[in-house]
Amino acid sequence: MTQDVPLRERYPGITRIPYHVGIIMDGNGRWAQARGLPRMAGHRAGTENIRRVLRAAVELGIKVLTIYAFSTENWARPPAEVNALMRLLGEVIRRELKELHENGVCIRHSGRLEGIAPHLQREILNAVSLTCHNERIILNVAFNYGGRAEIVDAVRHIMRDGHPADAVTEALISQYLYTGGLPDVDLIIRTGGEYRLSNFLIWQAAYAEYYATPTYWPDFDEHELARALEEYSHRERRFGRVTPAEG
Ligand code: IPE
Ligand code: IPE
Ligand code: MG
């Protein structure tokens with residue numbers, strides 16, 4: 001019964017909705033280990049969980065959700081796990097794309113395509129182009145993503161386009177990042193209990209608020225998301241000023 005009560009009513013402490021939320025979906029392996037299952041079972045459960053959290057994000061009015069799915073550093077994992085994670089992305093795209101599209105989700109990819117198998121690159125690009133006019137929420141998938149690689153790629157691109165040194169501004173660099181056109185991230189949530197960025201949105205998070213929870217990603221549900229937003233509502237964002245900024 002309580003399930004039918006809208007989240008905003010259940011959590012009156014949510015008074016401010018972050019426009020752009022980033023999630024470091026960590027703890028899949030430990031979730032599986034705690035159940036005596038192989039790590040891959042945790043990754044599967046983790047991808048299942050994206051649907052639940054995305055639905056809650058839409059309900060709460062979040063407009064951009066960036067999820068960290070595979071980092072440039074994750075290539076250093078055992079090849080069997082890397083291969084399985086690559087396969088899993090393809091499976092998720094094939095299984096979920098139609099429904100995501102019907103539900104008005106605009107899919108974006110942040111990360112390097114180079115290094116990803118060509119057929120998977122095609123599936124990513126297809127998902128992005130199919131859904132690019134959808135407006136309910138942007139689901140930005142950080143896959144083969146590294147914040148430093150992103151800055152390197154942006155600088156290379158800026159130089160190739162022939163911008164003179166004096167024309168390089170913060171706004172120009174922002175525009176050339178994988179996230180070009182998206183506003184900076186307002187809130188970064190990390191599941192799995194660590195307190196670090198692990199190379200996630202290092203440029204865009206300059207003034208983000210941080211929220212960490214020990215909950216492993218497969219167990220992070222709509223109530224946990226609501227609690228993170230309650231906590232965010234209490235934060236005073238000053239952006240270097242003396243008094244809080246509007247919004
Ligand atoms: C996060 O879960 C998913 C990826 C990094 C792909 P982990 O696989 O890092 O899980 P833990 O941190 O080992 O529990
Ligand atoms: C961060 O998790 C990357 C993703 C969630 C995709 P990691 O498990 O790779 O981070 P570290 O190694 O603990 O910093
Ligand atoms: Mg981890």
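How far is an oxygen atom of ligand 2 from an N or O atom in the side chain of Arg-77? I looked this up and got 3.2 Å, a polar contact in the sense of a pair of N or O atoms within 3.5 Å; within protein, one must be able to donate a hydrogen and the other to accept it, and residues adjacent in sequence count only if both atoms are side-chain atoms.

I note that this is a predicted model, where local features need pLDDT of at least 70, side-chain atom pairs count only at pLDDT 80 or more, and totals for chains, interfaces and linings use all residues. Residues are numbered from 1 along each chain as its sequence is written, chains are lettered from A and ligands numbered from 1 in the order in which they are written, and side-chain values use heavy atoms, with hydrogens and water left out.

Entry: ligand 2.
I listed the residues around ligand 2, counting a residue if one of its heavy atoms lies within 4 Å. They are Ile-24, Met-25, Asp-26, Tyr-68, Ala-69, Phe-70, Asn-74, Arg-77, Arg-190, Arg-196 and Ser-198. By kind I found five nonpolar, two polar and four charged; Ala, Val, Leu, Ile, Met, Phe, Trp, Tyr, Cys and Pro count as nonpolar, Asp, Glu, Lys and Arg as charged, and the others, Gly among them, as polar. Strand β2 (residues 64-71) gives the most to this shell, with three residues; strands (E, at least two residues) and helices (H or I, at least four) are DSSP runs, numbered from the N terminus.

A polar atom of the Arg-196 side chain is 2.8 Å away from one, and for Ser-198 I read 2.6 Å. On its own ligand 2 has 390 Å² of accessible area, of which the protein covers 78% (Shrake-Rupley method, 1.4 Å probe; for residues, only the protein chains shown count as cover).

Entry: ligand 1.
Around ligand 1 I found Met-25, Asp-26, Gly-27, Asn-28, Gly-29, Arg-30, Arg-39, His-43, Ala-69, Asn-74, Arg-77 and Leu-85. They divide into three nonpolar, five polar and four charged.

Which part of Gly-29 lies 2.9 Å from an oxygen atom of ligand 1? I found that it is a backbone N or O atom. Gly-27 also has a backbone N or O atom by a ligand 1 oxygen, at 3.4 Å. With Arg-30 the side chain takes part, at 2.7 Å. The protein covers 87% of the 380 Å² of accessible area that ligand 1 has on its own.

Entry: Asp-153.
I located Asp-153 in helix α6 (residues 147-160). Its side chain makes a polar contact of 2.9 Å with that of Arg-112.
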